[in-house]
Amino acid sequence: CPNHASHLDAPTVRFALPAHLRDRSAIAAAADFWFQGNPAGSLVALLLGALPFARTSDVRASLDHVANMVNDGWSVMIFPEGTRARDGQLGPMRNGIGLLATSLHVPVVPVHIDGTWAILPPGQTLPTIRGRRPVRVRFGQPLVIDPSMGIQAATESIGQAIAALAADASSARG
């Protein structure tokens, strides 16, 4: 569960994973952006192992698809904010991640990505190298979510873990 600031986030996290994890991982990508009329959707699916994830309608089917993949032994990267941050800061978490976390009984790994927003923020088509800083990926300790926790509490717990990694990144830069 990484934060989401740029279209560079998914490939950045995939690159940071060891090969044995990368080979059995998929990325939940916004169906409305990547797969509905976007010719790049097939390329994203092929190169990154992206799968369409509905953010506004038929979300339940997308959650079920992710659950089936996890049950088949796949790791699925989900951006719990649901969209890229307009200002590069961590946004509010959507409850779909809490629902998955409380129902799948698998560890959730919080991830913080730092530096991709400066290279390719939302609204920009081409990356920039002017004034950018290094890109860093921090993996937190896996969270074991108690199913009795409740969806909202699970969502908040995951968001807090990502925020703690962001704070660590900020103090390390400071």
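**Close-ups of a predicted model**

**View 1. Arg14 sits in helix α1, which covers residues 9–16.** Helices here are DSSP runs of H or I with at least four residues, strands are DSSP runs of E with at least two, and both are numbered from the N terminus. This is a predicted model, where local features need pLDDT of at least 70 and side-chain atom pairs count only at pLDDT 80 or more, while totals for chains, interfaces and linings use all residues. Residues are numbered from 1 along each chain as its sequence is written, and side-chain values use heavy atoms, with hydrogens and water left out. (Buried is under 20% relative accessible area, exposed is over 50%, and partly exposed is in between, using a 1.4 Å probe and protein chains only; a salt bridge puts a side-chain nitrogen of Lys or Arg within 4 Å of a carboxyl oxygen of Asp or Glu.) Leaving aside residues up to four places away in sequence, Arg14 touches Arg22, Ser25, Ile27, Leu48 and Met77, where a contact means heavy atoms within 4.5 Å.

**View 2. Asp32 and Arg55 make a salt bridge.** Their closest N and O atoms are 2.7 Å apart. Asp32 belongs to helix α3 (residues 31–35) and Arg55 to the loop between β2 (50–53) and α5 (59–71), so this pair ties together parts that are 23 residues apart in sequence. Asp32 is partly exposed, at a relative accessible area of 37%, and Arg55 is partly exposed too, at 24%.

**View 3. Within helix α5, Asp64 pairs with Arg60.** The closest N and O atoms of this salt bridge are 3.5 Å apart. The two residues are 4 apart in α5, about one turn of the helix. An α-helix has 3.6 residues a turn, so residues three or four places apart point the same way. Asp64 is partly exposed, at 37% relative accessibility. The salt-bridge count comes to 2.

View 4. Which loop holds His105? Look between α6 (95–104) and β4 (111–114). Most residues other than glycine have a negative phi, and most peptide bonds are trans. His105 counts as exposed, with 56% relative accessibility. Back in α6, the buried residues are Ile97, Gly98, Leu100, Ala101, Thr102 and Leu104.

**View 5. Zooming out, the protein chain has 8 helices and 5 strands.** From the N terminus on, the order is α-α-β-α-α-β-α-β-α-β-α-β-α. With a radius of gyration of 15 Å, close to the 16 Å that the globule rule gives for 174 residues, the chain is as compact as a globular protein of that length. (The radius is taken over C-alpha atoms, and the rule is 2.2 Å times the number of residues to the power 0.38.) The C-alpha trace spans about 45 × 40 × 30 Å along its principal axes. Buried residues make up 43% of the 174. Of the contacts between residues at least 6 apart in sequence, 69% join residues at least 24 apart.
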